[in-house]
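I opened my notebook to look up how the chains of this model hold on to one another. Here is what I wrote down as I went along.

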Amino acid sequence: MSLLTSLARLRALEEGIAQPIATVRHCHLAERPMVLIPLRMSGEAAAPLAALLGTRRDDPRLLVVTQPRNRDLRFAWAADLAAELLPYIGSFLAGTETVERKNSDPYERVLDAPQILVPNQAGIAFIRLLGRSTRFRRAHGPYPVPPTVPLLGRWLTYFGERATHPGSSLMTAVTEELGRHWASGQSGLEDANLAALTAWITTGPSDDAEDPLVWPPAGPATDPGFDAEVLAPAIEAGAAERITEALRGQLEPTWRLMWQAVDLLRELPEGASVEQRWEQDRGSFSAMAQHIAEGAPPQARRDGAVAAASRLARMERAQAAYEVQRAYDDPLVMAEYRLTGEAFAGEVVETEPEHSEGEGRSRKLRPLVVVKTDDPVRLAPGTALGTPQRRAQGAQLVEARDGLVTVKITKGMGRGKTPAPGSVPEVGERVCYTSLTDDFQGSPALPEAEATPWTHGGPPREYAPSDEDALEEWS
Amino acid sequence: MNRLDALRGTTPPKPHDARAIAALAANPGCARRALLDGAGIDKDATARHLGFPAPFGQSPFAITRGNAFEALVKADGCAELLRMLREVLELPVAEVAYHDVENVGAHLRHTHTRALIDRAARDEHDSGTIYDHPLLGLEIAGHTAYLEPDVVAFQLGGRFHIVEIKSFAVIDGQADPAAVAAAARQAAVYVLALRRMLRELGHDPLRVAHDVVLVCPENFANRPVATLVDVRRQLAVLERQLSRMTGLDRLVEGLPEELTFDLLPGEDGLPTRPAAELADALRRTTARYAPDCLSTCDLCFFCRDEARQEGACDLLGRQVRDELGGVASAEEALGLADGSRAPAEGQEEIARLLRTAERLRRECLA
Amino acid sequence: MGDRLDDLERRIDELRAGVRRAMRARDTATARGLRADLRAAERAWDALVTGGLDPALPNDARAVPPPGDVRAVFPHDNARAVSPPEGPGRLAIPGEALGGVPVGGAPSSTAAAGGAAGRQPGAGGRRGGGGLRLVTVREQAHQALTLLGVPAQPRLIAAVREAFLGGGLRGAQLTSLRRDEERSFASSPYGRPYYLCAALTDRLSPARGLLAVSTWPQELRMVGPLSPRVHFLTCAVAVAERMAGGHGVDAEPDSGAARLLARMARNIPGGAVLDIGPPDPARVIEAARAELAVHAERDTRDRADLARRAAAQLGDRGRLFGAATLSTIGDRAATGPPAT
């Protein structure tokens with residue numbers, strides 16, 4: 001959290017309503033998102049109790065395990081969930097485009113991808129565990145399960161893992177996304193409560209948000225009072241309908257909040273880089289679909305050393321790219337870097353468009369721009385700069401003194417003797433330059449998995465799910 | 001009557017359990033909590049009476065599951081536990097002797113635990129290996145809190161280990177870090193209590209290992225798996241906290257003579273003290289509210305409400321508070337930001353930052 | 001009916017909120033009253049929504065279906081089944097799976113019974129398709145204890161029954177058994193051929209949660225520090241021998257017997273080669289005997305000492321049911337002065 005966000009939180013506290021900390025939406029929002037609210041049986045690691053899900057706000061589907069300790073009902077529930085989610089996922093596989101790649105074969109990428117919205121991070125963690133507890137099951141042999149169950153497990157595992165990828169929107173926690181766009185007047189810890197956060201954004205803080213009788217928790221944990229006073233007696237009495245209706249009552253308020261959150265996010269204009277990140281999501285999703293179609297085994301329990309290292313490097317690059325892109329897309333995010341002196345903005349007061357360096361054949365066009373700024377610039381001469389106003393442009397800081405910053409344009413102004421029209425800002429234009437740039441160092445040189453050094457356990461064995469995996473209990 | 005007892009008044013003292021003692025260490029700077037705990041005050045009842053009941057509660061399903069798992073670990077002469085201790089502590093096969101301290105009846109459990117531990121520490125011939133249902137004592141500000149670790153294991157070679165049985169799952173080698181941290185804090189309380197018992201008995205307290213044996217279900221099955229958890233850090237924090245608790249006198253001295261948090265329970269045990277009066281009394285002590293209190297302290301909603309009324313930056317979390325270093329209230333911070341308030345000495349830098357931040361926000365949102 | 005349901009739902013919501021509010025305020029009296037109203041409303045709702053089927057059947061009274069049979073799980077379209085009645089004279093039928101007993105041979109219950117039979121074709125103690133033999137809970141426990149040969153916890157007794165003697169026994173049914181037996185012994189000592197009694201600790205008090213048989217020698221009914229382990233290993237040998245003897249061995253790997261033995265095997269050094277796969281009874285016996293050899297001598301000596309003390313200090317009833325239950329004064333005498 002930055003000081004800018006802290007200030008927004010203070011302002012929210014003072015004014016009694018959340019304050020914007022973004023001017024555009026930084027996540028993709030599907031036309032037809034799958035809203036999924038899972039509930040877990042208290043005290044169990046990953047025993048499902050219920051889920052409310054669907055792509056239309058007026059048509060939620062309720063799935064309930066009416067006897068939560070019964071293993072067969074759990075698998076029946078998982079099969080029901082598969083019957084909802086797999087067709088939704090599959091509906092995106094039909095339309096594809098061919099993508100050409102440098103140094104590699106072209107591949108097919110889906111035109112659009114599924115998006116699963118869950119209430120909070122704990123919900124994502126639970127989805128991941130559901131994936132873990134179902135992907136190794138088998139449709140044949142002892143303890144057979146419906147064949148859709150292991151398939152669902154692989155997809156849930158995929159979505160759960162992809163959710164940790166910075167900037168991905170395939171599966172996101174709604175509280176996280178709201179929190180990225182609004183600062184409430186409460187702590188980050190309390191922001192994890194969907195009802196409380198939504199109240200801060202829409203009407204102002206409400207004590208009701210923390211009253212489980214008014215707003216039941218958004219899962220996956222249920223309210224202990226509900227467990228004790230409603231669920232336990234109903235399970236004891238074996239009253240399936242009563243259990244179903246009680247759980248519906250616990251889930252429906254959150255269902256309404258989820259769609260309210262979708263509306264709030266949809267009102268924001270989409271950031272310029274969102275589409276690019278969604279394209280990566282589509283590519284990743286296509287690769288997963290391909291993987292499954294080729295009959296590859298389910299994801300291993302743990303990554304091998306090389307896979308783990310390359311995953312980590314990938315995540316770090318994604319994180320850096322995500323931060324830069326958000327700053328370029330959104331002046332309010334860029335303001336955080338202006339506050340720390342890594343960016344500055346202001347009005348152009350002087351230009352020298354035809355300034356050049358060198359003589360004869362090595363003579364190069366290097367237009368100069370002087371910007372008047374109130375920002376505390378903390379950049380050394382020679383620092384490479386980029387600008388959100390002209391994303392293809394490269395520049396360098398020449399001098400910063402007394403609120404006047406001289407910038408030399410080094411790239412993106414054309415090859416002629418004079419700069420291409422529009423490539424050099426005019427006097428009076430507002431511009432922003434920053435040392436944040438979106439060109440990243442390439443991926444680290446990691447060995448192929450087959451060449452994993454012995455210090456890291458040697459080449460991993462191909463993961464073959466064992467009988468034990470398939471027979472594992474599920475509690 | 002000592003001052004702490006006077007703070008509690010006629011309300012019966014609430015014994016501490018390990019969880020409560022561990023939570024003490026969670027917010028060391030809170031004088032209100034230190035005083036209430038030191039005086040053995042029932043914070044849960046106090047919070048209810050104030051109209052700010054604590055937001056916790058445990059699901060009956062979680063309780064049932066926890067009990068069932070513990071029973072499984074201890075079933076058949078602790079067969080599962082012995083397997084795990086043999087794995088993680090390399091316990092020799094001959095070491096299987098089992099003592100159920102509870103066999104002596106509740107009133108003798110603590111004495112019996114002491115006798116058994118003393119015998120084991122003296123390395124007498126028939127010392128045991130597994131002590132089930134032991135009862136330890138720990139002095140908290142003049143009161144003895146009785147603590148019930150799940151199991152104490154004694155190992156040939158003279159080491160004692162605390163065994164902590166928890167029903168959260170370890171999945172593919174990973175568990176919920178918050179749950180593990182809480183278990184470690186709680187186990188550290190037992191380690192400390194057992195070390196003090198050994199010291200009182202004239203033995204080397206360091207014979208109690210700082211590695212506790214944490215037993216959890218593995219993956220999605222009920223099968224238990226043991227992991228050694230190093231609780232040295234938790235022990236250090238706890239010891240420091242408890243030494244501060246003994247310095248309660250200083251905190252008490254600053255309080256008005258007649259101050260009491262007595263609930264004045266009537267014949268039916270229900271409080272008769274006017275809630276507003278109790279709230280006023282509590283406000284005479286300084287709390288240090290942080291959002292983390294919401295999961296550890298019964299009084300959290302009361303203190304949060306107080307922090308809200310004061311517009312304290314603490315409400316927004318430690319990160320915000322640290323970022324605003326030295327600016328306590330929202331009003332003050334916002335005043336510095338919009339320039340309506342002049343920075344006090346030492347606030348120049350934060351004031352400059354806040355002013356810039358305010359200008360940037362206005363500019364971007366215009 | 002819709003209107004009535006709506007009304008009931010509203011009422012249920014109000015009552016639930018009321019109960020939880022009362023609970024939060026620790027107002028137990030109000031909560032209790034509201035809870036009673038709530039239960040009544042819920043029952044009415046259940047009855048209305050299920051169209052008159054009786055939903056008020058207690059949970060444990062339902063036939064729990066064998067794993068794999070999803071259809072049989074839920075009550076309303078399934079046979080009703082009742083659990084054995086409570087009390088000392090409890091009846092149960094051996095061979096019936098997992099606690100359900102068909103009422104009057106209701107035909108639709110055969111799914112559950114058939115499933116059980118299919119999975120345990122050679123289960124010992126199961127009678128052929130003829131008439132049902134009624135066996136009391138105490139007799140069932142007695143058979144299991146005789147098989148094991150040492151004091152055991154209800155949980156293990158129930159598992160052994162399920163594995164070899166036909167299920168139907170739940171650990172919970174045994175919890176009050178010892179008290180009932182003691183009462184019976186007190187009113188007419190030695191009136192029965194055997195009693196299910198306590199095992200005694202080194203303080204001559206009844207060991208918690210252990211059942212023993214009165215006809216066993218006193219040494220066998222004593223519990224020294226090593227005895228819990230010795231009991232476990234002895235039980236493992238008994239279970240493995242029973243399996244090696246052809247009982248339950250041809251059952252599927254997930255049969256109760258195989259699961260019981262596998263669970264025991266993995267807790268004995270050298271008892272299980274791998275985590276997975278059916279345990280080898282011969283291997284379990286060998287491993288258990290190897291560890292038993294380490295503990296046996298001292299355990300036998302400890303128990304003999306304790307048995308002598310019991311004989312010297314306790315009367316007939318005490319020798320069977322332990323000192324502490326005679327009176328609290330006896331307890332104090334046995335344990336020394338009270339704590340300070």
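**Where chain B meets chain C**

I began with the contacts and found 31 residues of chain B touching 32 residues of chain C. I kept in mind that this is a predicted model. Next I looked up the area buried between chain B and chain C, which is about 2,800 Å². Carbon and sulfur atoms give 51% of that area.

Then I turned to the charged pairs. I noted five salt bridges across the interface of chain B and chain C. In one salt bridge, the side chain of Asp100(B) meets that of Arg208(C), at 3.2 Å from N to O.

Which parts of chain B each supply at least two residues to the side that touches chain C? I listed α4 (43–50), α5 (60–89), β1 (98–100) and α6 (109–121). Of the elements on this side, α5(B) gives the most, with nine residues. I also sorted the residues of the side of chain B that touches chain C: 13 are nonpolar, eight polar and 10 charged.

**Salt bridges elsewhere**

My next entry is a total: 70 salt bridges over all chains. I picked out a few to look at.

Inside chain A, Arg61(A) pairs with Glu84(A), and their closest N and O atoms are 2.4 Å apart.

Another pair is Glu190(A) with Arg304(B), where the closest N and O atoms are 2.7 Å apart. Glu190(A) belongs to helix α6 (residues 188–191) of chain A and Arg304(B) to helix α11 (residues 300–310) of chain B, so the pair joins two chains. Glu190(A) is buried, at 6% relative accessible area, and Arg304(B) is buried too, at 3%.

I also looked up Arg301(A) and Asp172(B), which form a salt bridge with the closest N and O atoms 3.3 Å apart. This pair crosses between chains, from the loop between α10 (274–293) and α11 (305–329) of chain A to the loop between β6 (159–165) and α7 (177–200) of chain B. Arg301(A) is partly exposed at 26%, whereas Asp172(B) is buried at 10%.

My last entry is a network: salt bridges that share partners join Arg242(A), Arg16(C), Arg39(C), Glu42(C) and Asp46(C).

Key: Residues are numbered from 1 along each chain as its sequence is written. Chains are lettered from A and ligands numbered from 1 in the order in which they are written. This is a predicted model: local features need pLDDT of at least 70, side-chain atom pairs count only at pLDDT 80 or more; totals for chains, interfaces and linings use all residues. Side-chain values use heavy atoms; hydrogens and water are left out. A salt bridge is a side-chain nitrogen of Lys or Arg within 4 Å of a carboxyl oxygen of Asp or Glu. Helices (H or I, at least four residues) and strands (E, at least two) are DSSP runs, numbered from the N terminus. Buried means under 20% relative accessible area, exposed over 50%, partly exposed in between (1.4 Å probe, protein chains only). Contact means heavy atoms within 4.5 Å. Buried area is the accessible area (1.4 Å probe) that two parts lose on being put together, summed over both. Ala, Val, Leu, Ile, Met, Phe, Trp, Tyr, Cys and Pro count as nonpolar, Asp, Glu, Lys and Arg as charged, and the others, Gly among them, as polar.
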